Amino acid sequence: MGLYYTIAFYQERIMMVTNSHIISAGRFGLFVIIILLHIATLAINYVNGTRIAEFPRTIQNIDRQISILFHHTWNYQKEHLANIVFIVIRFAEWFVIIRVLQYTIDPFGTAKLIDGLIMTTAFNWVNIGYQVNAVSWLIILSTIRKRFSVLNHHLRMTLLDDSIPHKDPHQLHRLTLKLGILHSQLCDTVDCFNHCHSTTMMFSLAPAFGFTVFSWFGLIHAYAARVDELVLHSWTTVTLSFNYISFVFYVVLFSAKVNDQIKQTAIVVHKAIGYRTYDKEESRQLKKFSQQLWHHSPSIVCELFAFDWELVYTMIGSLSTYLVILMQFDLVNYSNYNTTTKH
């Protein structure tokens with residue numbers, strides 16, 4: 001129903017939000033796409049529900065093994081508090097931006113009561129779902145990164161720290177074997193995340209990027225066309241775009257931290273192989289560990305691209321390119337509009 005009323009309202013009042021057909025069509029088109037992708041995300045989560053439910057049990061099993069091997073104490077209260085603070089901050093940012101939107105031009109303000117209510121409900125439902133999905137993905141990535149960080153710390157202490165008394169070769173061999181198994185299980189959680197969530201993350205990044213393009217283009221249009229009544233509304237949509245920009249930044253940041261911890265494991269193991277002396281059995285086990293890292297060293301990726309800083313640079317370059325292209329089309333239309341007005 002939200003899709004129906006959004007499209008009907010757009011067809012009826014196409015020029016109420018802005019005097020540019022490009023901006024009007026782009027924003028309403030993105031709203032429709034966001035609704036469709038949000039529904040697709042719910043469907044994908046339902047299909048992958050069994051594998052998603054396995055993640056907490058896998059993490060619990062890994063935590064228990066690390067605690068037994070290294071007598072490590074997990075501070076779950078601290079992790080929960082950090083996650084809650086992050087959730088509050090994310091939703092507070094979104095709430096402040098929505099409140100700011102209420103003091104500017106309301107694109108649904110000219111609609112009938114029932115139409116505006118349905119479209120507002122659809123807008124809030126999609127955005128709240130967007131925030132919930134984003135926060136859940138980031139918390140999962142943070143959880144995986146924390147486990148890799150703890151594992152790398154104990155791996156470094158076991159293989160590279162000279163302050164620790166020399167261990168029995170057989171004990172070191174068994175410990176290295178268990179470390180390799182733990183690392184493999186953590187890599188499986190990364191594969192599970194990619195399988196269950198990478199596509200839906202891509203679904204969220206696409207409209208975030210598109211909304212950012214049309215928001216900044218709307219601001220440029222407001223100043224270039226010298227339409228004073230659109231300036232405030234354009235600045236408001238740009239403010240809303242910062243919420244999506246921060247989501248892109250957080251996704252890349254958390255993914256990069258996970259990928260960095262995965263690489264750190266390979267660095268520690270190869271330092272131990274290259275610069276430490278072990279007995280024959282332990283050296284063979286470390287080489288097997290190295291082969292495991294070579295053949296199974298996943299990263300946070302989807303089927304089209306990796307979630308790394310190169311993605312951010314590519315999006316910035318694409319944003320500039322699309323703005324230049326849209327400005328050229330808009331200036332031609334604006335020139336034609338001025339010519340028609342004079343005549």
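**Salt bridges, burial and surface charge**

Guide: In this predicted model, arginine 147 and aspartate 63 meet through their side chains in a salt bridge, at 2.8 Å from N to O. Arginine 147 lies in helix H5 (residues 113-159) and aspartate 63 in helix H3 (residues 49-70), so the pair ties together parts that are 84 residues apart in sequence.

Visitor: Why is the contact between arginine 147 and aspartate 63 called a salt bridge?

Guide: The term requires a side-chain nitrogen of Lys or Arg within 4 Å of a carboxyl oxygen of Asp or Glu. The N to O value for arginine 147 and aspartate 63 is 2.8 Å, so the pair qualifies as a salt bridge.

Visitor: What makes glutamate 79 and arginine 147 a salt bridge?

Guide: Their closest N and O atoms are 3.0 Å apart, and the limit is 4 Å, so this pair is also a salt bridge. Glutamate 79 lies in helix H4 (residues 76-102) and arginine 147 in helix H5, so the pair ties together parts that are 68 residues apart in sequence. Salt bridges that share partners join Asp63, Glu79 and Arg147 into one network. The structure holds two salt bridges.

Visitor: Are arginine 147 and aspartate 63 buried or exposed?

Guide: Arginine 147 and aspartate 63 are both buried. Glutamate 79 is buried as well.

Visitor: Why is valine 312 called buried?

Guide: Buried means under 20% relative accessible area. Valine 312 has 17%, so the word applies to valine 312. This residue is found in helix H9 (residues 309-342). The C-alpha atoms of valine 312 and valine 252 are separated by 7.6 Å, while the two residues are 60 residues apart along the chain.

Visitor: What makes cysteine 187 and cysteine 302 buried?

Guide: Cysteine 187 has a relative accessible area of 0%, and cysteine 302 has 10%. Both values are under 20%, so both cysteines count as buried.

Visitor: How many disulfides does the structure hold?

Guide: The structure holds zero disulfides. The term would require a pair of cysteine sulfur atoms within 2.5 Å.

Visitor: Why is lysine 280 called exposed?

Guide: Exposed means over 50% relative accessible area. Lysine 280 has 68%, so lysine 280 is exposed. The place of this residue is in helix H8 (residues 280-295).

Visitor: Which residues form a positive surface patch?

Guide: The positive surface patch is formed by Lys280, Arg284, Lys287 and Lys288. Lys and Arg count as positive, so the patch is called positive.

How values were computed:
Residues numbered from 1 in each chain as written. Predicted model: local features only at pLDDT ≥ 70, side-chain atom pairs only at ≥ 80, totals over all residues. Heavy atoms only, no water. Patch = residues over 30% accessible without salt bridge, like charges linked within 9 Å, V, L, I, M, F, W, Y side chains within 5 Å. Areas by Shrake-Rupley, 256 points an atom, 1.4 Å probe, with all protein chains shown as cover. Charge placed at Lys NZ, Arg CZ, Asp CG, Glu CD. Helix = DSSP H or I, 4+ residues; strand = E, 2+ residues; numbered from the N terminus. Buried < 20%, exposed > 50% of the residue type's maximum accessible area, 1.4 Å probe, protein only.
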